[in-house]
Structure formats: structure tokens, C-alpha cells
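Morning, everyone. Please bring up the model and the sequence. I'll take you through one part of the fold.

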Amino acid sequence: MEADYFTGPLGGLTDAEWDETAQGHFYSSAFWLRLVALEPGAVSGGAHVPLPGGGRAAVPLAATEPDGMTNPHLCWHDQLTERGLPSPASGGVLVAQRRGYLAHLLTTPGADRVEAAGALLEAVRSMPDPLGPSGAPSGPARVAMYLTTPDVLALRAAGVRALPVALTADASLAIPEGGWEEWLTTMGSGHRRRRVRSEVRKFEQAGYRVEHRVLRDCYADVGRLAARTEQRYGIAGSADAYIEAFRKHAELAGDRAEVLLCSLGDKPPVGCCLYVRDGDTVYLRAVGFEYEQLLGAAEYFNLAYYIPARMPGVRRLHAGIATPGGKALRGADLTPLWLLDLTPGSPLEGHEAEIQAHNSAFVKRLTAESPAVAKALDTEEWQALCTKGEWPTPGSRVAGV
């Protein structure tokens, strides 16, 4: 091992060294991991290992005490038990970053994916307990969350015995070269195109004033509004805490953290969308609304999708998890994201039938939401790996890995 796992958010590497492995994965970039490390609730780090023949593999980490992860989406014990599945201990090491809900195994260009997965697996399993002994027979849990299918396949080929558990669907919208008008034609259904045009028209007629700002100039408004939305969906947190978090975010991000603010007349903003633009992709980071003051003019979809989609040069919106139905109706592609327990002797081993049943039921629930979702899920990745549960056995390679 070249550096300590928890020597800073990059495990002791420089930003340039880390980004050589990130290869454009924004939520695994040095910039993003340094932002995430500002948040309380866990200790950020990074595992990185040299590979035979040169190159490096890496993955972000976060160490947490039992029940120490404040974000419910990252509490693997709760996520598994809610699905009726056995779970490792709640404390340990999260193999992912703590914000973004999209994790990757990282390698320098040209590295063998399975070889890299095996090296990272060995490193993560053998690392010293970052927060001290846990009392569990195998030590603290090592759980990867929000992994993409190719990385799950690589880890299975490297020897992980537990089956992956479907967590959620990741949504992204491709904006063609022709921009907004061509994007509308890709929706296929005339009804869906008319719906989008109607929502844009309704928002414009409502009389909202929309400002394009940078976060450092409006972090107090963003914090106040984001807290309202988080509270609406069951995530506790005071407005003051959110304001302070976004102040720190703005301090590090500078001009990269941009905001759309939505107001009525000269009143304080009633809606916001925080995003980061990386190349031709807009990563939607946070929205917030004073719901009692909204006019019912599709404020969310206009701020989060329709206005960013019309920005010059934008070719992709990364919309993340949650509300796949609404995103699919607006042309989003949906790809599965997984929990994979890397803990030696995982309690999920031997429960293949239950995991496959969960994964199948997960796809069926999504498909039942709407024809648009069903169409977005009608891909080889979903059908082969969720519905049928045809995962390769540990140690076997599959095409493309």
C-alpha cells in the first residue's frame, strides 16, 4: 500500500494522482471528494493500490461508527433489513463517497478491471480497523454502495461471494446536438412532448423571476430551501446546519457550484436548484422549495431539468436517484445501482434466493409505475441481472469485464 487509507479524503494522493484513476467520473473526482470530506458524520479516506505491471487502482472510503451515518441512504444495515435481508454490522467502512449516490472502482488507463478489483478487495478487507476494534468476528463491515453493474461484475469475478442487492435506479438525460427541440422529439410520445411544453409554458406564465448565481453569493437561501425539502422527505436537519454546510461547500467549490434561484417579485426565493457543470454534463446536486408559497407551475421540473437542458453546450443531465417515474417520463435512461457486501464471511452469503427475489420484485415495482419506466428498464442489463438473477459465480469472468 502506498499510503494510509485515511490520510485525507484521497488517501494521501495528490489531486492529480487521484484524478488519473478517476478518469472523468465526477463523483469520484478529487474535487468532489474534498467537498464531501467537509461534511460531518464519518471520516473520509481513500484506498489505492499499485497494480502489477504499473498503474494504480483506487476507491473512496468513509469510516463510520455504528449508527453514525446520518444520511439514511447510506445506512446499509437499515437498507438491508428494510428489504428483509440479513446485514453486516452497522459500523465499519463504506466503500463509496458519501454524496452523489454513484460509486466506481477507479483505475489508471489500460488497467485490467478484474485484476484491479481483486487488488482493491484485498486492500479493503485487510486494512486496519479505522475506528478501533468493533467486536464483530470479522471486524467492521466493508460495504460498497451505489456501484454500477460493470464494477459489481468485476468484484464478483475477483471472488466476492455475496450476491449484489439492487438499491435504486440512476437517471440521466441525454441532450442531443440539436438541443432542446431535438430532445423533445426523442421522447417519442406526443403526449409527453405536449406535457413538457405545457409545464414550461405554465412556469413562464406564473411570473417567476429566475436568477443564475454562484453558490457563494446565495448559500443562505440554498441552505434554507434545501432544509425545507429534506425535512419534507423525512431527513432531519436545521436550516442553520444546512446553511453552514453550503457555506463551506461554496468556499471550496468557488465558481463551480452554480445555482438557479426562483422568486416572486422582490420576495425571498421560494425555490432553488444547485448544480455543478463538468464538461458538457450538468450534475444536479440539490433542490429546495418553500412548498406553501409555490404556484403549482411545475417548479421542480423547470428548475432541475428544463432550464439546465437549454443551457448552451449541455449534452447530459445527471439526475441521480429517486422519482424514476417522473424522470423517465422526461426521457431519462435508468441504470441499476447496487449494494455489494465485501465483508469476509458476509451474512448475505447463502441467501441467494432471497436476494434474487428482492431484485426481481424491485424491477417489477419500477416497471409498474408507468409505461415510460417499463421502456427505460427494457434493457439487457436490467433483464439479465435483476429479473433472472443470472450473476456469474465468484471467480468467473464475463464479457466486457
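One definition before we start: a helix axis here is a line fitted to the C-alpha atoms over the stretch in contact, and angles run from 0 to 180 degrees between N-to-C directions. Also, keep in mind that this is a predicted model.

Now the two helices. Find α7, residues 190-205, and α10. Their axes come within 10 Å and cross at roughly 110°. Angles of 65 to 115 degrees count as roughly perpendicular, so α7 is roughly perpendicular to α10.

Which residues of α7 meet α10? Val 196, Glu 199, Val 200 and Phe 203. On the α10 side, they meet Glu 299, Phe 301, Asn 302, Leu 303, Tyr 306 and Ile 307. By type, the residues of this contact are seven nonpolar, one polar and two charged.

Is α10 mostly covered or mostly open? Covered: ten of its eleven residues are buried. Among them are Ala 304, Tyr 305 and Pro 308.

Next, the strands. β9, residues 271-278, pairs with β10 in the antiparallel sense, over eight bridges. Val 276 has Tyr 283 in β10 as its bridge partner. The two strands make a hairpin, with two residues between them. Look at Gly 279 in that turn: its phi is positive, about 65°.

On to β11, residues 316-320. β10 pairs with β11 in the parallel sense, over three bridges. Here Tyr 283 has His 318 as its bridge partner. From β10, the chain passes through α10 to reach β11, and this β-α-β crossover is right-handed.

Last point, on β10 itself, residues 281-289. Eight of its nine residues are buried.

Methods. Residues numbered from 1 in each chain as written. Predicted model: local features only at pLDDT ≥ 70, side-chain atom pairs only at ≥ 80, totals over all residues. Heavy atoms only, no water. Buried < 20%, exposed > 50% of the residue type's maximum accessible area, 1.4 Å probe, protein only. Helix = DSSP H or I, 4+ residues; strand = E, 2+ residues; numbered from the N terminus. Pairing = 2+ DSSP bridges. Right-handed = clockwise from strand over helix to strand, strands pointing away. Parallel < 35°, antiparallel > 145°, perpendicular 65-115°, else oblique. Contact = heavy atoms within 4.5 Å. Nonpolar A, V, L, I, M, F, W, Y, C, P; charged D, E, K, R; others polar.
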